[in-house]
Amino acid sequence: MTLYTQYAGIPVPESTDIADEPFTLQQMAAAIDDIWGGAFDTYTPQLIQGAGATKYITLNSTTFARVKKVGKTVYLQTRLDVSAGTGSAGEALTNLPYPAVSTDEPLGTVFCARGGAFSVNNWNIQTAKSNLVTVGCNNGVSSLSSGDFILLLLCYETSG
Amino acid sequence: MATTNVLALRFPKDSDTSASKTFETAVADLANDIDAFAGAWTTITPTVNQGASTNIAKTVNIARHRTIGKWLEWEMQLSITGTGTASGLITVTGFPAPKNAGYSLIGQGGIRDTSVPTKFSSPILYDSGSTTAWIWAASDGNGKMGSSRFTAAFASGDLIYGSGWYEIA
């Protein structure tokens, strides 16, 4: 029996007589249930702006970063709550838990709120940049500061 | 075998060799359960509010979701037939909610003001705070739909729509 490419890691029977392996069908069902039905996983997000040692922006504990990977497809729902900025204006970036297939690959949407009162917002379709994605707002690239938050909703193909 | 079986898949049992359930039937049951993931979506009943106007009359053109375990996809298009309150925050309730605190981005869509006519594109957020509802946010630096951008009262002929996905509680 030739095994197909196992993108999602679902176990398959190895015996040529499938009736001999009911246990493997249980394993298949359990794997499918886990992959498709389980809760998302948490990853460690980073928010970067500027350069040097201070480029990593401190995030509040209300930050959450959730991801589900099904084979070559990644679903990501993340909220980055800025605790303190770096004081360096410039393009803001965040890490991807799984690399995109290519740079400039459209990944999904990002919503940036400057100040908790939705005083200055922006909504963009974001593209990959190596293993990072840009989250800077078009309405300016001034330094992020406490009260700002960035929301991501991405769905993309991964090379990982 | 330990499993939570979130998707309620019909696992073939170790002893499924009796006449009541053959191995072939067990495989077919599992295949059918998996195939159901690609089935028709489920209807949902949304409620539209704007400021003091609650449960604004509307025609539900589209309102449905597909949920696979913790992952929910949704789409919605509502034609307003009633009247809202000018400068009131627009919220939609009646959907399953995510578990995270604060705001989460759950999709994109917009609002069409038929009186102008103008379409306002909008990211759609879930607010698990005091609002506990879905809100349509402005994408151009003007806060939230209803209370900021698009401050007219909802009127017959207006449209509110969107689609997206998120992890649910």
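1. In chain B, strand 6 and strand 7 are joined by a hairpin of four residues. Strands here are DSSP runs of E with at least two residues, helices are runs of H or I with at least four, and both are numbered from the N terminus. The model is predicted, so local features need pLDDT of at least 70 and side-chain atom pairs count only at pLDDT 80 or more, while totals for chains, interfaces and linings use all residues. Residues are numbered from 1 along each chain as its sequence is written, chains are lettered from A and ligands numbered from 1 in the order in which they are written, and side-chain values use heavy atoms, without hydrogens and water.

2. Strand 6 (residues 103-113) of chain B pairs on two sides of the record of bridges: ten bridges join it, antiparallel, to strand 7 (residues 118-127), and six join it, also antiparallel, to strand 9 (residues 159-167). Two strands pair if DSSP finds at least two bridges between them. B:Gln108 has B:Pro123 of strand 7 as its bridge partner, and B:Gly110 stands opposite B:Tyr161 of strand 9.

3. Is strand 6 of chain B mostly covered or uncovered? It is mostly covered, with nine of its eleven residues buried. Buried means under 20% relative accessible area, exposed over 50%, and partly exposed in between (1.4 Å probe, protein chains only).

4. B:Glu73 lies in strand 4 (residues 71-80) of chain B. Its relative accessible area is 17%, so B:Glu73 is buried. The side chains of B:Glu73 and B:Arg66 make a polar contact of 2.6 Å. A polar contact is a pair of N or O atoms within 3.5 Å; within protein, one must be able to donate a hydrogen and the other to accept it, and residues adjacent in sequence count only if both atoms are side-chain atoms.

5. Helix 1 (residues 23-35) of chain B has 13 residues, which at 1.5 Å a residue should span 18 Å, and its end C-alpha atoms are 18 Å apart, in agreement. The expected span is 1.5 Å times one less than the number of residues. Its buried residues are B:Phe23, B:Ala26, B:Asp29, B:Leu30 and B:Asp33.

6. B:Ser128 sits in the loop between strand 7 and strand 8 (133-136) of chain B. B:Ser128 counts as partly exposed because its relative accessibility is 27%. A polar atom of its side chain lies 2.9 Å from the backbone nitrogen of B:Gly102.
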